[in-house]
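This report is meant to be read with the sequence and the 3D view at hand. It begins with the ligand and then turns to the domains, the strands and some individual residues.

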Amino acid sequence: IQPSAQNPVAGQRFRHLEWGLINFLHTTDNLTWGANSHGWHAGHLQEPQYSADFGDYLSLVSHLRNTAEEKGVDLIVLDTGDRAEGNGLWDATDPMGKYTRNFYRELPLDILTLGNHELYNGTTARNEFLEMVSFYEGRYLASNIDINVTGDWEPFATRIRKFVTEQQGFRITAFGFLFNFTRNDKNTRVKTAADTIKESWFQEGIRDTDVDLFVIIGHVDIYSIEFTQIFEAIREVHPDIPIQFFGGHSHIRNFRILDNKSTALESGKYFETVGWLSIDGIKAREAPDSADNTSMVVSRRYIDANRVGYQHHTGKNATTFDTPQGLLMTERLAKYRAGLDLDRLIGCAPQDFSLSKHIYPGPQNWYSYLEERILPTMVYSKERGQVPRFIFINTGSQRSDVFKGPFTYDTSFLVSPFTSKFVHAKDIDYSIAIHLRDFFEKDVGPYRSDKSENPLENRQQGAEEVDIQSSPLLVDHRQASLARHKHTKVIGYATTDDAGTDGDDTIHVPLKRYPTPQVIQGNASFPEDWESNPPATIDLVFFDFIAWHVAAGLNEITGTEDYSTKDFLPYMEQEDTMTRLLLDYVAKYWGRDC
Ligand SMILES: O=c1ccn([C@@H]2O[C@H](COP(=O)(O)O)[C@@H](O)[C@H]2O)c(=O)[nH]1
């Protein structure tokens, strides 16, 4: 746990892990390891429920490996990508991720793959390839991605890995997939799953009969068409061999049963969740006394990332839990965080703001606060600051709630990590501009996090869609309330998945989520009576990240092809990213008396 993090609260209840002949420990979308693997490597400092840091995780892995050895069963440790971006330890270094990659290399991963966040930026993709793929060698899997760093295209990482487990001798064939992503840097190439499974190496790979278990790790929602296509391709050849999927990207806890010998696990996001999956009764051909696949049993758990839970599952206490390597990692994280000045106080948040735990629009909703206060005040150009403007940002650019109290340099990256620039379209007819919001809401674009980049038609037929019109208060349909929440003291995930409601290791008060738009709009420099007497033309200011969609919207609204991203010019200075504007706003308006 990091020095500035809080201890987890009491009142949690844990279930015991069920061990099988083969077991998996899964993290995904950890951009933040503090608590979180999307880069919250120092743990969620203001959310005690998720306050374990990466050092604590190393200790957990080490103890569970020892237990596996004692039991004579296998433990596979894996990560399904999006380790890049989203907290200071990643974003404040030059090049970004310099320290994070080094820390990750201390995690004894058996298999790993990458997410979209490793591919948005060309330098990030290159460094991932040079420093992570080469380090993990054959364990790093990327079945549908190529990279060009030398002038020639080459596979980003190993396409297929066949290996035999140490304890039980299971013969595993593993693949690593990214969803059908299209916003990757030009030095990389992402093939669709549909095309990849037709390639000869894949077809040959799955035809090999020397296999007890297929393991597909993917930065892919587990209900996606991509996983379904891979499942069907393997099932055509092997009607009976177990297939285990591990997914990610949509940031939820979820478990899917594909058939009686195939399931898929998704283990949440941001190092809030460590996923556990075990398979018992599975047959290894080399081990004649092992069970037969007809009695195969799969068990899954979503473990909250905190030391109390970790200690419970390892049979350790506060003094016996830490391994020397884990402790050293915790110390080094603190040292590097200090070196980057990440705990520097910028200002004090006057209240809690959430992305979706409070109704939008509303006084506790972060998007409302951005629309009403931050965007109109901070998104300003010396040349055109007097011109009335709509300011659009995509909601996916905001990644974390803001908690009452200290807002540090690190918080700015947790909340708004991306380096998008503000660009603008000049003198657009007001009568056209007012239709853009509706366009954004209907558009399938990269506007929000979670599932947005999988087009709606990619969703599995029959998967439940939430009707946000008829249900203003949402409890995620896959994370609905548990019946036994009278024991609960902590708000968090209460997951309902294909196996029922007993997946969460800790019983929570269900987390409620309200619907939010895909794009929010701040209005600035308008005269007081602008709604009854609007100006003829205004400026549109927006992130370059959504520029293509703004042009598409203007073309659709006007029924022309007059608009193109080439017409959009910078609005502010290069360094005026949302992260920088947020820091400036907090320093100027929030005070420092927390
Ligand atoms: O430069 C960027 C890159 C991404 N985004 C937003 O992030 C999501 C994808 O994040 P996941 O964690 O993979 O869900 C994307 O849809 C955008 O909403 C961004 O705003 N700027």
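The residues of the shell around the ligand divide into 5 nonpolar, 9 polar and 5 charged, where Ala, Val, Leu, Ile, Met, Phe, Trp, Tyr, Cys and Pro count as nonpolar, Asp, Glu, Lys and Arg as charged, and the others, Gly among them, as polar. The model is a predicted one, in which local features need pLDDT of at least 70 and side-chain atom pairs count only at pLDDT 80 or more, while totals for chains, interfaces and linings use all residues. Residues are numbered from 1 along each chain as its sequence is written.

**Ligand and domains**

The ligand is surrounded by 19 residues, and the closest are Gly396, Ser397, Phe418, Pro446 and Ser449; a residue is near a molecule or strand if its C-beta atom, placed from the backbone, lies within 6 Å of it. Domain 1 (22-336) and domain 2 (342-449 + 515-589) each supply at least three residues of this shell.

The domain assignment of the protein gives these two domains, domain 1 (22-336) and domain 2 (342-449 + 515-589), with bounds that come from an automatic or database domain assignment. Their contact takes 12 residues from domain 1 and 10 residues from domain 2, two residues being in contact if their C-beta atoms, placed from the backbone, lie within 7 Å. On the side of domain 1 that touches domain 2 there are 3 nonpolar, 6 polar and 3 charged residues. Taken over C-alpha atoms, the centres of domain 1 and domain 2 are separated by 34 Å.

**Strands and sheets**

Helices (H or I, at least four residues) and strands (E, at least two) are DSSP runs numbered from the N terminus, and two strands pair if DSSP finds at least two bridges between them. An open sheet of 5 strands has the order β23-β18-β24-β20-β25, with mixed pairing; its edge strands, each pairing on one side only, are β23 (519-524) and β25 (569-570). Within this order, β18 and β24 pair in the parallel sense, and Ile391 has Val541 in β24 as its bridge partner.

Another open sheet has 3 strands in the order β7-β6-β10, with antiparallel pairing, and here the edge strands are β7 (153-155) and β10 (188-190). Strand β6 (residues 145-148) is joined to β10 by 3 bridges, and Asp146 has Arg189 as its partner in β10.

Strand β4 (residues 74-79) is mostly covered, with 6 of its 6 residues buried; a residue is buried if 20 or more other C-beta atoms lie within 10 Å of its own, exposed if 12 or fewer, and partly exposed in between, with C-beta atoms placed from the backbone. Asp74, Ile76 and Leu78 point one way from β4, whereas Leu75, Val77 and Asp79 point the other way.

| Strand pair | Bridges | Direction |
|---|---|---|
| β1 (residues 22-27) and β4 | 6 bridges | parallel |
| β4 and β5 (residues 111-112) | 2 bridges | parallel |
| β18 (residues 389-394) and β24 (residues 537-543) | 4 bridges | parallel |

Ile22 has Asp74 as its bridge partner in β4, and Leu78 stands opposite Ile111 in β5.

**Individual residues**

Where does Tyr140 lie? Tyr140 is found in the loop between α4 (122-136) and β6, and it counts as buried because 22 other C-beta atoms lie within 10 Å. Leaving aside its neighbours within four places in sequence, Tyr140 is in contact with Leu112, Met132, Val133, Ala157 and Thr158.

Most residues other than glycine have a negative phi, and most peptide bonds are trans. His249, which is not a glycine, has a positive phi of about 80°; this residue lies in the loop between β12 (243-247) and β13 (253-259), and it counts as buried because it has 29 C-beta neighbours inside 10 Å. Phe271 also has a positive phi, near 60°, and lies in the loop between β14 (262-267) and β15 (273-280), where it is buried because it has 32 C-beta neighbours inside 10 Å.

The peptide bond from Asp94 to Pro95 is cis, with omega near -5°, and Pro95 belongs to the loop between α2 (88-91) and α3 (98-104). Tyr360 and Pro361 are likewise joined by a cis peptide bond, with omega about -10°, and Pro361 lies in the loop between β17 (345-349) and α10 (366-378).
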